[in-house]
Amino acid sequence: MKLQTLRLLGLGLILLVFLALPLLLGDYWVYTITIGFYYAILAASWALLVGYIGRISFAQAAMAGLGGYASALSVQHAGLPPVLGLAAGVLVAGALGFVIGRLTLRLHGAYLGLTTIAFAEILRITATAEYQLTEGSRGLQVEPLLQDGSRSEYYYLFLAVTVACLALMTWLLRSRVGLFFQSIREDEDGAASLGVNVTLWKTVAFAISTAFAGLAGGLYAHFVQLITPSMMSLQEMGIVLAMAVIGGFHNVVFAALGGVSLQVLLEGLRELGEWRLVVFGLITLLILRLMPNGVFGTVADVLTDRLRKSGDDK
Amino acid sequence: MSLVAILEQALNGLIVSSFYALAALGLAIIFGVLRVVNFAHGELYMLGGYAYFLAVASMGLPPVVGIVVAAAALAAMGALVEWLLIRPVYDGRADRPEEYSIMITFALSILLLNLANSLFGPWPRRPEPLFRGGVEIGELIVSGDRLAAAGVAVVLIAVLLAALRYTWAGRAVRAVSQNREAAAIFGISVTRVGMLAFATGAALAGLAGALMGPVFNVVPPMGVIPVIKAYVIVVLGGLGSIPGAIMGAIILGQVESFATILIPDPSRALAYKDAYGLVLLVGILLLRPQGLFGTKERRA
């Protein structure tokens with residue numbers, strides 16, 4: 001009971017800090033953190049798939065790109081308002097995720113990793129090659145989400161969407177469905193023997209995860225107002241993976257916090273030049289090797305442990 | 001299409017195949033022994049290119065010595081990586097060994113790519129190749145540096161196959177690939193063979209990078225495309241299968257060489273060139289995950 005209140009308190013405090021930040025920071029940092037929210041949703045959507053159902057995917061960044069392109073192109077060609085464009089991006093990314101999830105049911109581990117790398121690269125190559133539609137590697141101009149929106153308006157919008165996404169994910173993962181996911185992760189055959197529809201939930205998990213990625217990509221495209229195939233690259237995927245791993249990929253909130261804080265750190269350490277990415281890679285390796293729950297996961301574990309112990313003393 | 005043009009495409013395909021095979025064999029050996037797909041293989045390939053560049057262009061060593069230096073450096077690096085990062089996969093220290101192995105090698109690839117970017121800079125380098133000039137075979141003209149590199153690659157592959165077949169270490173590697181427990185019961189140190197396999201795999205990637213570096217360019221992201229080809233090849237042949245990797249390389253070389261002709265618009269054909277192999281990869285994984293030569297598992 002006490003643990004529950006403490007957890008809510010912690011989350012409330014983090015939310016308050018994020019609400020207050022634009023009042024304290026300049027435009028540049030507000031912009032940086034807004035991009036950080038894009039990475040937060042993306043890292044959380046990846047953690048939803050890897051951390052809960054145990055299915056690895058290297059196509060998450062490509063799916064964000066797909067959502068971005070789908071949204072931008074539907075706004076440009078079908079004349080949809082950007083909000084409906086975003087919905088189109090979510091649908092397209094979710095639908096492709098459903099198809100990939102369905103096709104790769106038999107695969108797991110490295111085989112699944114290789115298949116999703118192939119899908120990701122095919123998407124990236126297609127976006128580069130179909131230059132009549134996508135402007136190729138020059139990049140596609142995208143309509144802004146808010147007409148004449150200020151930096152802080154975008155910031156609060158992104159914050160709201162991120163919180164909503166995380167709340168939705170947490171609600172889903174706390175429900176029976178989340179238990180189905182985890183049972184599949186722990187023992188697929190065991191779950192099936194207890195009546196869990198493994199085929200259905202494995203496919204649905206993929207679709208949900210990619211739909212969130214598509215939403216993140218659409219938001220990003222309409223915020224930055226430019227979209228290039230490089231946001232679908234495996235290097236970009238590596239950054240998302242590193243964010244989720246450093247934050248803690250067994251919990252969507254920790255993964256999201258990893259996304260925001262690493263984006264801020266990467267910008268803050270700009271004077272280090274390319275070396276910051278080396279440090280970033282090194283930290284990812286060390287965390288994976290020594291602290292598999294991630295930074296926030298480990299901190300939360302330590303705090304919970306302390307609380308339990310002090311509870312015993314009384 | 002004339003006969004000469006067809007032969008030219010076929011020969012180009014074969015040359016490319018020999019490079020692909022060298023890189024793919026390393027992946028196959030590592031997977032066979034350790035059941036780990038090395039997602040950092042492309043970056044080991046890239047480091048091989050830089051080792052060759054440093055030896056030949058900076059230290060002034062002859063190209064042949066440069067290739068040996070690259071192989072030795074990458075073998076040492078591979079052994080180190082296995083010891084520091086891969087060992088938890090099979091000694092029970094990692095909670096979910098399979099996920100761990102995928103993520104740790106992927107993270108390693110990001111680290112090495114950025115490290116090379118910082119250390120050597122993003123600009124391309126072109127060290128001295130093994131051989132310069134063109135070679136005429138009948139009516140066909142092939143560039144000499146490619147042909148020489150392909151020749152060396154074929155010799156190296158032959159040496160590797162012989163070593164796997166006839167040396168004690170090679171037999172140990174094959175034994176562990178077939179059955180880990182049985183190999184351990186017969187007195188083979190699976191830990192040492194694991195290290196040997198990773199070192200050999202890294203050395204093969206480094207050799208491929210050292211041979212290809214002067215033909216194309218030595219540049220930090222040089223491994224990104226070849227490693228994807230190597231994935232296609234090992235999946236095509238069956239993960240962990242050595243003859244499968246060689247057959248896969250030959251098939252992919254020919255597919256890429258001829259499939260480019262299928263799309264009439266030349267700029268688009270070029271842009272899609274790297275996608276054919278990926279479509280092949282997805283097809284194989286979905287229809288026959290064990291590949292052409294792999295052994296069937298209940299769940300891939």
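Student: What makes residues 147–168 of chain B a helical span, and how far apart do the end C-alpha atoms lie?

Tutor: The span is 95% helix and 0% strand, with its end C-alpha atoms 33 Å apart. Helices (H or I, at least four residues) and strands (E, at least two) are DSSP runs, numbered from the N terminus. This is a predicted model, in which local features need pLDDT of at least 70, side-chain atom pairs count only at pLDDT 80 or more, and totals for chains, interfaces and linings use all residues. Residues are numbered from 1 along each chain as its sequence is written, while chains are lettered from A and ligands numbered from 1 in the order in which they are written.

Student: Why is A:T170 called partly exposed?

Tutor: A residue is buried if 20 or more other C-beta atoms, placed from the backbone, lie within 10 Å of its own, exposed if 12 or fewer, and partly exposed in between. A:T170 has 17 C-beta neighbours inside 10 Å, and therefore counts as partly exposed. A:T170 is located in helix α7 (residues 151–174) of chain A.

Student: Which residues is A:T170 in contact with, leaving aside neighbours within four places in sequence?

Tutor: They are A:V252 and A:V253; contact requires C-beta atoms, placed from the backbone, to lie within 7 Å.

Student: How many residues of chain A are in contact with chain B?

Tutor: There are 37, in contact with 36 residues of chain B. On the chain A side, α5(A) gives the most, with 14 residues.

Definitions and conventions
Two residues are in contact if their C-beta atoms, placed from the backbone, lie within 7 Å.
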